[in-house]
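Let's take a walk through a protein together. Have the picture ready, and follow along one stop at a time.

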Amino acid sequence: PRARLLGWDSREITPAAAGFYIEHPSVLARSYHEANAWRERHGVIVLDDGGEGPPKPVLSFEEAPFPDWAADELRRTGLGSPTPVQAQLWPVAARGRDAVAIAATGSGKTLAYG
């Protein structure tokens, strides 16, 4: 069966909020040295855009900028923790910043861009 086309002209679309990121206490406690060491271990290279610098990665779903129900769903799928690309990009996206990720197929890029 064909998908029904939606009449977008008659729908009110709420823009996605950006810049809402509040670091989890564990992320706040992580030093920039620890964050950089994690990036090095996982092959994550972040180029500074001249702004405030990259946010520290989130290393668990609990630290991620999601509501609890979303983290629960991610765990329910059997994922143990964010992939490196997700860990670094989720805080970037939640801050409303632009990002480009180059990573292998199957690395979690699609979910990283949410």
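What percentage of the 114 residues in the protein is buried? Buried residues make up 29% of them. Keep in mind that you're looking at a predicted model.

Now for the overall layout. The protein has 5 helices and 0 strands, so if you follow the elements from the N terminus on, they read α-α-α-α-α. Along its principal axes, the C-alpha trace spans about 50 × 35 × 30 Å. The accessible surface comes to about 8,200 Å², and 57% of that belongs to carbon and sulfur atoms. How do the parts of the chain meet? Among contacts between residues at least 6 apart in sequence, 61% join residues at least 24 apart.

A pair of aromatic rings is described by the distance of the centres and the angle of the planes. Searching the whole structure turns up 2 aromatic pairs. Start with F61 and W90: their ring centres are 6.3 Å apart and their planes sit at 40 degrees, so this pair is called tilted. F61 belongs to the loop between helix 2 (32-42) and helix 3 (68-76), while W90 is in helix 4 (residues 84-94), which puts the two 29 residues apart. F61 has a relative accessibility of 2%, so it counts as buried. W90 counts as buried too, because its relative accessibility is 4%.

The other pair is F66 with W90. Here the centres are 4.7 Å apart and the planes are at 70 degrees, so the pair is edge-to-face. F66 lies in the loop between helix 2 and helix 3 and W90 in helix 4, so this pair ties together parts that are 24 residues apart in sequence.

Next, let's look at some charged residues. E23 is found in the segment before helix 1 (25-29). E23 is buried, yet has no salt bridge. Leaving aside neighbours within four places in sequence, E23 is in contact with L28, K56 and R95.

K56 lies over the face of Y32, at 5.0 Å from the ring centre.

Note on methods: Residues are numbered from 1 along each chain as its sequence is written. This is a predicted model: local features need pLDDT of at least 70, side-chain atom pairs count only at pLDDT 80 or more; totals for chains, interfaces and linings use all residues. Side-chain values use heavy atoms; hydrogens and water are left out. Helices (H or I, at least four residues) and strands (E, at least two) are DSSP runs, numbered from the N terminus. Buried means under 20% relative accessible area, exposed over 50%, partly exposed in between (1.4 Å probe, protein chains only). Lys and Arg count as positive and Asp and Glu as negative; His and the chain ends are not counted. A salt bridge is a side-chain nitrogen of Lys or Arg within 4 Å of a carboxyl oxygen of Asp or Glu. Contact means heavy atoms within 4.5 Å. Rings of Phe, Tyr and Trp (its six-membered ring) pair if their centres lie within 6.5 Å; planes under 30 degrees apart count as stacked, over 60 as edge-to-face and the rest as tilted. A charge sits over a ring if NZ of Lys or CZ of Arg is within 6 Å of the ring centre and within 35 degrees of the ring normal. Accessible areas come from the Shrake-Rupley method with a 1.4 Å probe; for residues, only the protein chains shown count as cover.
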